[in-house]
Amino acid sequence: MKKMRMTFLGLILIFILQGNSILAEENQEFVHGYPSESGKLHVEGNQLMDSLGRRIQLKGISTHGIAWFPEYINEDCFRQLREEWNCNVIRLAMYTAESGGYCTDGDQEELKRLVGQGVEYAANQDMYVIIDWHILSDNDPDLYREQAKDFFAEVSLEYADHDNVIYEICNEPNGGTSWQQIRDYAEEIIEVIRTNDSDGVIVVGTPNWSQMVDQAAADPIIGYDNIMYTLHFYAATHKEELRNIMKTAVEQGLPVFVTEYGICDASGNGAIDREQANEWVRLMDEYGISYVAWNLSNKNETSAILRSDCGKVADFVSEDLSDSGKWLFQMLTGEEMTDVSENSEDLREQVPAGKTVQEGNLSYTISVKNHWEANGESYYQYDLSIQNDSNEKQEGWELQIPFTDTFHLSDGWNGDYQAGENVLYISAKDYNRVIPANGRVTDVGFIISGSAELTVDEKGEQ
């Protein structure tokens with residue numbers, strides 16, 4: 001009798017263990033939820049959770065800088081991303097330091113208006129939205145700490161009752177900024193947000209362009225709930241080594257959010273590495289890590305999901321997409337977008353190679369990266385890099401670029417610009433005025449408009 005009793009209890013124990021095993025397997029599934037069903041998100045351990053206690057995974061797209069590409073913040077675009085691309089999150093990238101940046105010469109009220117529109121459209125389309133304080137060339141988020149405090153005090157008060165809002169408080173700390181510096185900054189910004197929004201999810205950047213999540217795992221922020229940590233990757237540059245860093249950090253209990261990634265190299269350009277990109281997706285899906293692709297624009301760079309000759313701001317079809325865009329659509333949906341034009345060509349292949357001009361110890365390379373027609377005028381987007389050809393550092397730089405006709409300056413970034421009748425004058429910003437010996441300044445660019453024949457005047461070059 002005793003023996004039979006033990007067998008019966010053993011069977012009960014087996015059934016309990018089997019039941020727990022089934023529940024554990026079910027809990028490994030990650031919900032692709034939307035605000036209407038998943039509600040406000042929170043963090044438990046290393047996982048992002050929804051209001052029903054389910055593990056949730058967000059997948060979506062980041063805008064490029066909203067100061068430069070505001071046109072993509074429109075409801076039809078967001079609707080298509082939600083309904084056709086299966087996106088449940090959109091990221092609003094608001095640069096802080098570059099030309100047009102919130103903390104430099106940008107129109108702060110207009111930028112806040114665009115953020116507000118983005119939050120509204122995302123809510124209308126049942127999507128989560130990340131408000132991204134996009135530091136980059138400013139390196140250390142502490143540089144504009146006071147502006148960040150004011151901004152996040154305002155937006156957290158405005159959107160505290162929005163279940164779909166996530167705060168990203170420092171995009172990519174770099175330039176040797178340490179985790180301790182980032183942590184000190186983050187703790188103050190978190191406190192500002194928590195004054196108004198007691199439980200909104202906050203994402204904190206990590207050192208070296210948001211790669212060193214291992215440092216955050218070794219010394220995480222304590223005393224606050226619902227904090228996550230950023231990892232960014234570009235698949236053609238960042239491979240198994242960085243994947244292992246992320247995997248180890250997650251297994252140590254760190255909640256990681258990939259708020260930006262691309263399938264090209266870390267410059268946002270170069271060749272696509274689909275094999276490495278697929279390995280990243282496999283690992284992120286295995287651990288339920290949320291991820292957001294860079295970027296929603298037609299900028300002439302590999303990471304842009306739209307072709308540079310695409311003038312649409314919504315209702316995209318396959319022939320509007322770059323190779324990155326086609327990969328992303330297929331990855332998110334499991335399908336290929338239809339309406340492919342067999343004769344379509346990528347404008348990138350038609351753009352002439354850059355011209356290099358020598359000016360004393362400096363040389364600059366200028367190239368047309370994009371062009372389009374609007375309002376009866378031709379628009380041209382130029383990219384510049386400035387090289388110091390000497391063995392001594394260069395303190396400050398100025399360029400004079402002559403054109404073949406009069407033009408109108410529409411936009412410029414990472415430099416101070418003044419337009420003459422047919423000459424564009426560009427000088428350094430404070431943050432890029434010093435060029436090391438044999439060093440280079442990149443990511444300088446501008447947009448001008450004029451006649452269809454407008455081009456750089458080779459005869460006028462010195």
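In the predicted model, Arg-243 lies over the face of Trp-280, at 5.6 Å from the ring centre. A charge is counted as sitting over a ring if NZ of Lys or CZ of Arg is within 6 Å of the ring centre and within 35 degrees of the ring normal. Arg-82 is likewise placed over the face of Tyr-34, at 3.6 Å from the centre of the ring. The model is a prediction in which local features need pLDDT of at least 70 and side-chain atom pairs count only at pLDDT 80 or more, while totals for chains, interfaces and linings use all residues. Residues are numbered from 1 along each chain as its sequence is written, and side-chain values use heavy atoms, with hydrogens and water left out.

The structure holds 18 aromatic pairs. Rings of Phe, Tyr and Trp (its six-membered ring) pair if their centres lie within 6.5 Å; planes under 30 degrees apart count as stacked, over 60 as edge-to-face and the rest as tilted. The ring centres of Trp-68 and Tyr-95 are 4.7 Å apart and the planes meet at 40°, so this pair is tilted. Distant parts of the chain are linked by the pair, 27 residues apart: Trp-68 belongs to the loop between strand S3 (59–63) and helix H3 (75–83), and Tyr-95 to strand S4 (residues 89–95). Both Trp-68 and Tyr-95 are buried (under 20% relative accessible area, with exposed over 50% and partly exposed in between; 1.4 Å probe, protein chains only).

A stacked pair is formed by Phe-233 and Tyr-261, with 5.2 Å centre to centre and 20° between the planes. Phe-233 is in strand S8 (residues 227–234) and Tyr-261 in strand S9 (residues 256–262), so the pair ties together parts 28 residues apart in sequence. Phe-233 counts as buried at 1% relative accessibility, and Tyr-261 is buried at 2%. Elsewhere, ring pairs join Tyr-382, Phe-403, Phe-407, Tyr-417 and Phe-446 into a cluster.

The protein has eleven helices and 20 strands; helices (H or I, at least four residues) and strands (E, at least two) are DSSP runs, numbered from the N terminus. Of its 462 residues, 54% are buried. The largest nonpolar core has 95 residues, of which Trp-85, Trp-133, Phe-152, Ile-169, Val-204 and Met-246 touch the most other members. A nonpolar core is a set of buried Ala, Val, Leu, Ile, Met, Phe, Trp, Tyr and Cys residues joined through side-chain atoms within 4.5 Å. Helix H6 (residues 179–196) supplies the largest share of this core, seven residues. Apart from this core lies another, of 25 residues, among them Leu-362, Tyr-364, Val-368 and Val-444.

Beyond neighbours within four places in sequence, the contacts of Phe-152 include Ile-131, Trp-133, Tyr-167 and Ile-193, a contact being heavy atoms within 4.5 Å. Among contacts between residues at least 6 apart in sequence, 72% join residues at least 24 apart.

Confidence is expressed as pLDDT, the predictor's confidence in each residue, from 0 to 100. The protein averages a pLDDT of 88, and 88% of the residues score at least 70. Over residues 1–27, pLDDT stays under 50, and the model has one contact beyond four places in sequence for this segment. Over residues 340–353, pLDDT also stays under 50, with 25 contacts beyond four places in sequence.
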